[in-house]
Amino acid sequence: MLEVENLSKRFGGLSAVSDVSFGVKRGEIVSLIGPNGAGKTTCLNLITGFYKPTAGRVSYDGRDITGWAPYAIAQGGLIRTFQKTNVLKGLTVFGNVLTARHRHGNTSLLRAFFPGGGQRQRERELRDEAAEIVDKVGLGARMNTEADSLSCGELRLLEVAIALSAGPTVLMLDEPAAGLNTEEAQQLGATLKTLVGKMVDALLLVEHNMALVMDVSHRIVVLNFGRKLAEGLPEEIRSNPQVVEAYLGKPAA
Amino acid sequence: MDLFLQLLANGLVIGTFYALSALGLTLVFGLMRIVNFAHGELYVIGGLLGWSLTDQLGLNFFLALAIVVLVLAVIGYLIDRFMMNRVRGQGEEPTILLTIGLSIFITNTALLIVGTAPLKVSSPFASKPLFLGPVVLTQSRLMLVVICAAIILGAHLLIQKTSIGRAMRATFQDAMAAQLAGIRTAHIYGFTFALGAALAGAAGMLLGSIYVAQATIGGLVSLKAFVVVILGGMGSFAGAIAGGLILGVAEALWGGYVATGYVDAIGFALVIVMLLARPYGLFGKHNERA
Amino acid sequence: MVFERNFLLAALAIALLAPLAVQGEYAMHIGVLIMFSVMLATSFNLIVGYVGELPLGHTAFLGIGAYVAALLSSKFGLAFHWTLICAAVIAAVFGLFIGAITLRLRGPFFVIVTLCFAEVLRLVANNWVDLTNGPMGISGIPKPDWAMSGDVLRQKVSFYYVGVVLAAITIYLSYRFVYSNIGRAAIAVRENRFVAQSVGIWPFYFGLVTFVLAAAISGLAGGYYAYYVSFVGPEVFGFSFMISMLIMVLAGGKGTLVGPVVGAVLVVLLEEFLRDFKDLRFSIFGLVVVAVVLFLPKGLMGFITKRHEAYKVRQARDA
């Protein structure tokens, strides 16, 4: 479904990502892991158009989307969240999620000026759908709270709500478990597993939390120093000596 | 051919003047990331103050220049301390709005004080024409080019070679690190803005001896300075010089060969083209944020 | 949303009934200025508050609207409603062209390049004497049919009510815009470009749509102004309108629909009040801008809503 081929990105002399290839199939949860600075977020940025690759291809459902603008890629159904929490601070929780529903709403100025009965109905539906999503992620109680008064955990939930509201086919989350404790991370894992197949077609996760990764992933891709180190099932990756070494270093001889 | 050389010479002379008048602006932007929309008005204050000191009080030109530089530096320091300081860290919009408000205030107050009449700063140099081959330049203009170049060089040395210049550069690369290194950043901000204001004022007085010192020209001076800075790249010394010369020569050639009415428009056309082709100017720096 | 709608409807009612309470030519003159300013402030606010940039050259569209109306009516004898429509449309076309170029830029670059465009237009108006009469401007713009009959008072009353209609149209279009999917997209771009892009919103496009709408409204206001004053000169591209727009939107509160209305009323009244201090006027305006930025950054409406929320919190706590 989503194919990444020989993706590379250089920043001046620094090679952030070199020759990385992997894919995400329908119904899968794939995790992208690696030590800090391995290039995981850079990969995500390359896939979603926020960076332009120096080499390589990204294709989605057979279409080459390499170098497309971020908004175009998002319109195609590839929705992402950010490592640093990014929400619309001046709006309420509901406002954020309603705005994110944009792809499903009207974009004609004329219809905005003179909304007929159909348009008004559509607006009502959009608002209902948005409220539903807010409830589904568990922020129902904070529906009309300003986004900049939310706690850290609530902000992350809002981010997920925004991404879901956009109606993703492939959802890409950048370190969703950052700052969550064990119990919260477990809950997140359970939620993510229910999403695939129902609300989204596939999930790409960039994550550091190994427990979560091992719990939810169908496949894991390991990056180190911008290159793909390994790819496979969770058990394979867990016992892969190169992966262990990348994270923990070699034992003193 | 002779016409071309004359126009070129005129353009280079005016270009040097443009470069000096834009220098303060590009410095403050490059170091503090503040776009000072009151820059032209500080130039105006310099010119009017220079006029009152030389013409009204009969002071020596260079003494008056020193006073103008000092006064403008103090004004710049106060503006930074009491206005810019309060909105530091809030982004670009508040500083833009503040300096716009300031420019409105200064222009009108200056109008109230001296009226609309164009005034002249008394120059110590004669308007004797000098003949350099086919080109004619007045002595006063030539001397002024020399003084401008000297000031530009002096500012460059100040920033690159002195310890306060180092402190400035350190502060604007990373304020926190500079503070940890013992630099009193609050003073540095004020000093930098003061330097920008002093340069603007110096330009105002110097050019007021050839052109005019007038309360209403602040807007035009600002606009021309923006053109120079955008052409050359915000924050770049070399850019201010290059931008100034380009603008000066472009205006001289257009005015000489085509039409004089739209001369000012040539600068704006260049800006529009530049912002589309190379938004960061000829010498500007831009990093793709990793 | 509800508060805004109620406020605006109340304001409309007051505007319609005002001439019964406050009579006289001078009052009508103020009324016309207020209606004109409401249109101008709303249009400026669309860009400042909903695109999030500062178009210091916004007088470009006001000027274009004014000149279009002046030329079409005095040289071609076109009727009032047609010239106003043309003024709005042509201003919108210029908005499309200028916006397509300037919206690629952000912050001070946007400010400067819009200023450059306004200056170029001013130079053209000043120099293209065949078309615009140069610095002498276009005078003797014929009065519209509905302003021909009756005495001066009646004419001013007619102008006033036409102004109310135009201002109401302006606010209606802006209201519909802001609360639509398109308006939400523009707000998202203003708040956080990254989030906006990640949900499929094209920042440039929505900025442009907002810009063009603002230009059209500004052009409409310019046309109205041309008829009322009967004279259009290159100063219409100049900075004095800009200062008024700035203060109206800043003092009223940017990014709200109510703010520009409040700001417009305040500024017109302030300008009239300061008419005696003609020379000091702009000095005071400069200080007002500085004061608002330093002490009242969200404008009057922002200040009021903040106090209101704090009051509600206190009430809930003490209950």
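The following dialogue explains how several features of this predicted model may be read.

Colleague: On what conventions does the description rest?

Modeller: Residues are numbered from 1 along each chain as its sequence is written, while chains are lettered from A and ligands numbered from 1 in the order of writing. The model is predicted, and local features need pLDDT of at least 70, side-chain atom pairs count only at pLDDT 80 or more, and totals for chains, interfaces and linings use all residues.

Colleague: In what order do the strands of the open sheet in chain A stand?

Modeller: Strands of a sheet pair through backbone hydrogen bonds, either parallel or antiparallel. Strands (E, at least two residues) and helices (H or I, at least four) are DSSP runs numbered from the N terminus, and two strands pair if DSSP finds at least two bridges between them. In chain A, 4 strands form an open sheet in the order S2-S1-S4-S5, with antiparallel pairing. Strand S2 (14-24) and strand S5 (63-64) of chain A stand at the edges with a single partner strand each, so one side of each is left without a neighbour in the sheet.

Colleague: How many bridges join S1 of chain A to S2(A)?

Modeller: Strand S1 (residues 2-11) of chain A is joined to S2(A) by 7 bridges, and the two run antiparallel. Within this pair, Arg10(A) stands opposite Ser15(A).

Colleague: Where in chain B is a hairpin formed?

Modeller: The hairpin consists of S1(B) and S2(B), with 2 residues between them. Strand S1 (residues 129-132) of chain B pairs with S2(B) in the antiparallel sense over 4 bridges, and Phe131(B) has Val136(B) as its bridge partner. In the turn, Gly133(B) has a positive phi of about 65°.

Colleague: Which residues have the most contacts inside the largest nonpolar core?

Modeller: A nonpolar core is a set of buried Ala, Val, Leu, Ile, Met, Phe, Trp, Tyr and Cys residues joined through C-beta atoms within 7 Å. The largest has 282 residues, and those with the most contacts inside it are Ala161(A) and Val289(C). Helix H10 (residues 203-229) of chain C gives the most to this core, with 16 residues. Domain 1 (1-77 + 168-253) and domain 2 (88-165) of chain A both give residues to the core, so it lies between them; these bounds come from an automatic or database domain assignment. Contact between two residues requires C-beta atoms, placed from the backbone, within 7 Å. Among the residues that Val289(C) touches are Leu97(B), Ile100(B) and Leu250(C).

Colleague: How far apart do the C-alpha centres of the two domains of chain A lie?

Modeller: The centres lie 27 Å apart. At the contact, 8 residues of domain 1 of chain A meet 7 residues of domain 2 of chain A.

Colleague: Which element gives the most to the side of chain B that touches chain C?

Modeller: The size of an interface is often given as the accessible area lost when the parts come together. Here it is described by residues: 32 of chain B are in contact with 29 of chain C. H4(B) gives the most to the side of chain B that touches chain C, with 14 residues. That side divides into 23 nonpolar, 5 polar and 4 charged residues. In this classification, Ala, Val, Leu, Ile, Met, Phe, Trp, Tyr, Cys and Pro count as nonpolar, Asp, Glu, Lys and Arg as charged, and the others, Gly among them, as polar.

Colleague: How many residues of chain C are in contact with chain A?

Modeller: There are 21 residues of chain C in contact with 26 residues of chain A. The largest share of the chain C side, 7 residues, comes from H8(C).

Key. Buried ≥ 20, exposed ≤ 12 C-beta atoms within 10 Å, placed from the backbone. Lists of a residue's contacts leave out its neighbours within four places in sequence.
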